[in-house]
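Morning, everyone. Let me put the model on the screen, and then we'll go through its packing.

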Amino acid sequence: MTVSQWLTIATKQLEAAGIGTARLDSLVLLEDCSGIDRAKLLAEPEHELSTKQRAQLKKVLNQRAKHVPIAYIRGRTEFYGREFVINPAVLEPRSESETMIELLKELATSDLRTENQHSSGLRRDARVCIADVGTGSGALGITAQLELPDSQVELLDIDPEALKVAKVNVDKFTLLIPVTKSDLLYGATQNNDILLCNLPYVPDDYQINLAALHEPRVAIFGGPDGLDLYRKLFDQIKMVVNKPLYILSESLPPQHETLTGIANESGYKLVTKEDFIQIFVCSR
């Protein structure tokens with residue numbers, strides 16, 4: 001079977017399964033299994049695939065036809081221009097979350113201010129401490145460390161399997177970042193200036209797509225209105241002596257008003273928002 005023949009068959013199979021990116025996914029799987037760059041594959045459509053390659057391609061194609069996310073099949077995905085290892089123990093980092101990194105960089109360089117903010121703002125004479133709360137694959141916290149090399153980052157998650165993935169990615173980028181089992185903030189190892197929080201926020205009765213059904217439910221659903229974990233987080237923060245100056249959260253835009261109310265009860269004020277992301281500043 002040639003490259004051209006396989007691509008035609010694979011694309012039809014994925015289209016029949018309702019995969020909207022059938023042609024691209026087929027090409028990506030072919031590139032992975034053959035070890036040949038996609039440009040070369042397209043330039044040589046009559047290239048013959050080996051028996052071993054066809055067997056491997058059949059396996060991964062059937063997985064994709066069942067709506068297994070292609071990132072899980074490949075065991076890797078891209079976030080903020082870098083490749084991260086992932087598996088079904090963690091969510092695939094979303095492009096929406098890259099906005100959090102952009103806002104974090106702006107925050108760290110300009111130190112957003114309001115009339116209610118701590119007068120000192122972020123500490124200029126010390127490393128800014130950042131916690132990635134509910135880190136999953138570690139993509140947010142690791143990206144923060146790489147983009148802000150003078151910061152001091154820690155990765156926190158309650159799931160041991162997720163922490164294993166995060167540790168693999170920490171090692172992949174040869175970083176010295178603590179990866180800690182923690183129920184939100186309870187296991188934090190440092191006093192943090194900034195929290196990056198992409199916690200589960202999908203309401204329990206929300207109809208998710210077929211691909212999301214393959215992702216860990218514990219990392220997706222956040223209670224009846226999706227905000228139970230955020231309530232728990234802000235309740236914990238009430239008990240923290242050295243409170244974070246800033247909290248960056250991700251949630252659905254229709255949840256932003258409710259989440260702002262939750263934050264207000266713990267002494268945090270909304271300072272800015274963009275798409276799925278909000279920034280809260282400590283106002284006490």
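Are Phe84 and Phe173 buried or exposed? Both are buried, where buried means under 20% relative accessible area, exposed over 50%, and partly exposed in between, with a 1.4 Å probe and protein chains only.

Some ground rules. This is a predicted model: local features need pLDDT of at least 70, side-chain atom pairs count only at pLDDT 80 or more, and totals for chains, interfaces and linings use all residues. Residues are numbered from 1 along each chain as its sequence is written, and side-chain values use heavy atoms, with hydrogens and water left out.

Back to the rings. Phe and Tyr rings, and the six-membered ring of Trp, pair if their centres lie within 6.5 Å; planes under 30 degrees apart are stacked, over 60 edge-to-face, the rest tilted. Phe84 and Phe173 form a tilted pair, 5.1 Å centre to centre, with 50° between the planes. Phe79 and Phe84 pair edge-to-face, at 6.4 Å and 70°. Phe79, Phe84 and Phe173 form one aromatic cluster.

Next, the core. A nonpolar core is a set of buried Ala, Val, Leu, Ile, Met, Phe, Trp, Tyr and Cys residues joined through side-chain atoms within 4.5 Å. The largest has 31 residues; Leu104, Ile142 and Leu248 are among those with the most contacts inside it. Helix H6 (98-110) is one of the contributing elements. H6 gives the largest share, six residues. Helices here are DSSP runs of H or I, at least four residues, and strands are runs of E, at least two, numbered from the N terminus.

Last, helix H7, residues 139-147. Seven of its nine residues are buried, so H7 is largely enclosed by the rest of the structure.
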